[in-house]
Amino acid sequence: MSTHENMTLHLKIWRQNGPDSKGHFEDHTMDEVNPHMSFLEMLDLLNERLMQNGKQPIEFDHDCREGICGSCNLVINGIPHGPEMRTAACQLHMRKFNDGETVTIEPWRAKAFPIIKDLVVDRDAFDRIQAAGGFVSTRTGSMVDANAIPISKEAADKSMDYAVCIGCGACVAACPNSSASLFTGAKIAQFAKLPQGAPERKRRVVAMVEQMEKEGFGDCSNYAECEAVCPVGISISAIAEMRKEYVKALF
Amino acid sequence: MSSLQLLQTSVGRKLLTGITGILLTLFLVAHLAGNLTLFAPDGGVAFNLYADFLHNLGPILIIFEIVLIVLFLLHAYIGISIYRGRKKARPENYTYYKSQGGPSKQDFASKTMIYTGLVILLFVVLHVLHFKYNFFIPHETTTLEGREMIDLAYHVEKAFLNPWITIAYSVVMVLIGLHLKHGVWSAFISLGAGNPKLTALLYTIGIIVAILLAAGFLIIPIYIFLNGGL
């Protein structure tokens with residue numbers, strides 16, 4: 001692992017013009033890669049060089065670049081967000097790669113996440129799952145006092161463990177079945193742990209599971225690959241929580 | 001949606017897979033307990049009496065058999081449909097795909113659930129034809145406690161003196177162990193074992209259950225074959 005010396009990398013990057021066109025890998029040799037760059041900065045540098053040569057830059061999603069927005073969606077060397085655990089691609093540094101290494105970059109692949117261009121996919125399916133029930137209906141008007149509803153520290157912590165989901169979709173990308181269970185489970189479990197979530201719990205789980213199904217995500221086989229690639233480390237227990245909520249809705 | 005419709009969604013299917021899987025595993029435990037009576041030092045009398053007791057249960061036995069067939073077919077049907085859904089959910093596969101490791105439970109056992117499952121499905125059909133309907137061996141009877149009954153112990157002994165049957169059975173028992181290694185843990189998660197601190201423990205329990213059941217079923221054919229009889 002190099003630490004100071006600039007590196008040369010051989011990139012194999014997925015290029016695709018649009019949702020219906022056929023994609024292919026494009027090879028680029030990147031020299032002068034600073035090991036302290038983030039993965040996205042390395043792609044910025046590549047795009048700058050492409051544009052200087054009059055070529056089309058590579059489209060990829062990014063926004064905050066500090067691991068909280070959930071925009072980046074690169075499958076790097078076969079793993080969503082790359083080889084570093086609990087790290088989004090934007091927080092992955094080039095020092096994690098070796099000089100002369102071949103690095104492959106592919107977009108999330110799932111029917112429910114159609115490719116828009118190159119490495120950019122459409123993740124609106126997640127928004128529709130969220131809109132189906134991932135909220136609490138409250139009266140409008142002045143805000144409720146902060147501690148009006150007593151919630152134990154333990155319950156708040158458990159809820160937060162699921163609420164940290166940034167909705168990036170790595171769980172779907174890594175799942176051999178392309179299941180969205182970890183995302184949907186986390187969005188359900190964060191409410192299941194709080195008193196505010198209780199009144200609508202049955203309606204919520206049924207509506208969100210139904211929407212997940214409609215979007216064309218696959219079934220879960222409890223591989224737990226989702227937990228392994230989740231940049232914020234959400235446990236597969238989120239999926240178990242979703243099923244527990246679902247059992248409650250059955251009766 | 002009605003409860004019946006709710007059971008047909010992806011989460012509902014998973015609940016059914018988990019419940020049927022656990023009930024089938026419990027059946028294996030009972031089946032193994034019965035089989036192990038072969039090792040009673042009485043030349044198979046206890047085993048034959050146990051088999052005769054089951055045969056004389058009449059309608060209760062038939063109800064049990066129907067329930068077992070339904071559990072088994074439902075479990076297999078959902079498993080096959082989950083596998084078939086994969087291609088639909090990801091029409092274009094990755095060129096490069098690797099497991100992240102760590103908490104991932106992707107291993108030989110979990111990735112081959114569909115294949116071990118299909119082999120078990122085929123095995124169960126042959127196994128029932130073999131020992132319940134005596135499809136492959138002549139029917140032998142014995143008289144115990146003044147009643148004539150099937151000499152099932154003799155059937156078992158005869159089968160496992162054959163090296164091919166012994167090998168085939170042993171391989172399938174190992175495959176059942178592999179299926180259970182992922183299956184038991186998966187059933188816990190499917191039925192809502194939501195405590196993240198328990199997931200590692202549940203996985204270990206699954207491995208232990210898988211090893212105990214596979215080893216228990218393996219002992220019988222291997223012992224008979226190596227010992228040259230019961």
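How many bridges join strand 1 (residues 7-15) of chain A to strand 2 of chain A? The answer is given in point 2, after the conventions.

1. Conventions. This is a predicted model, in which local features need pLDDT of at least 70 and side-chain atom pairs count only at pLDDT 80 or more, while totals for chains, interfaces and linings use all residues. Residues are numbered from 1 along each chain as its sequence is written, and chains are lettered from A and ligands numbered from 1 in the order in which they are written.

2. Strands 1 and 2 of chain A. Eight bridges join strand 1 to strand 2 of chain A, and the two strands run antiparallel. Strands are DSSP runs of E with at least two residues, helices are DSSP runs of H or I with at least four residues, and both are numbered from the N terminus. Two strands pair if DSSP finds at least two bridges between them. Within this pairing, A:Trp14 has A:Phe25 of strand 2 as its bridge partner, and A:Lys12 stands opposite A:Asp27 of strand 2.

3. The sheet of chain A. An open sheet of five strands in chain A has the order 2-1-5-3-4, with mixed pairing. Its edge strands are strand 2 and strand 4 (79-80), each of which pairs on one side only. Of the ten residues of strand 2 (residues 24-33) of chain A, the number buried is one, so this strand lies largely in the open. Here a residue is buried if 20 or more other C-beta atoms lie within 10 Å of its own, exposed if 12 or fewer, and partly exposed in between, with C-beta atoms placed from the backbone.

4. Overall description of chain A. Chain A contains eight helices and seven strands. Its C-alpha atoms fill a box of roughly 60 × 40 × 40 Å along the principal axes. Of the 251 residues in chain A, 46% are buried.

5. Domains of chain A. Chain A is divided into domain 1 (7-117) and domain 2 (123-250), with bounds that come from an automatic or database domain assignment. The contact between them takes 19 residues from domain 1 and 17 residues from domain 2; two residues are in contact if their C-beta atoms, placed from the backbone, lie within 7 Å. On the side of domain 1 that touches domain 2 there are eleven nonpolar, five polar and three charged residues. In this classification Ala, Val, Leu, Ile, Met, Phe, Trp, Tyr, Cys and Pro count as nonpolar, Asp, Glu, Lys and Arg as charged, and the others, Gly among them, as polar. The C-alpha centres of the two domains of chain A lie 29 Å apart.

6. Interface between the chains. In the model, 46 residues of chain A are in contact with 42 residues of chain B. On the chain A side, the elements that give two or more residues are strand 5 (102-107), helix 6 (201-214), helix 7 (225-229) and helix 8 (237-250). Helix 8 of chain A provides the largest share, eleven residues. By class, the chain A side has 24 nonpolar, eleven polar and eleven charged residues.

7. The nonpolar core. A nonpolar core is a set of buried Ala, Val, Leu, Ile, Met, Phe, Trp, Tyr and Cys residues joined through C-beta atoms within 7 Å. The largest one has 103 residues, and those with the most contacts inside it are A:Ala89, A:Cys171, A:Val172, A:Leu182, A:Cys226 and A:Ala238. Helix 8 (residues 163-190) of chain B gives the largest share of this core, twelve residues. Domain 1 and domain 2 of chain A both give residues to this core, so it lies between them. Leaving aside neighbours within four places in sequence, A:Cys171 is in contact with A:Ala180, A:Leu182, A:Phe183, A:Cys226, A:Val229 and A:Cys230.

8. A:Glu225. This residue is found in helix 7 of chain A. A:Glu225 counts as buried because it has 30 C-beta neighbours inside 10 Å. Beyond its neighbours within four places in sequence, the contacts of A:Glu225 include A:Ala174, A:Cys175 and A:Pro176, together with B:Ser99, B:Gln100, B:Ser104 and B:Gln106.

9. Chain B. Chain B has nine helices and two strands, and buried residues make up 28% of its 230 residues. Four bridges join strand 1 (residues 141-144) to strand 2 (residues 147-150) of chain B, and these strands run antiparallel. They form a hairpin with two residues between them, and B:Glu145 in the turn has a positive phi of about 50 degrees. The bridge partner of B:Thr143 in strand 2 of chain B is B:Glu148.
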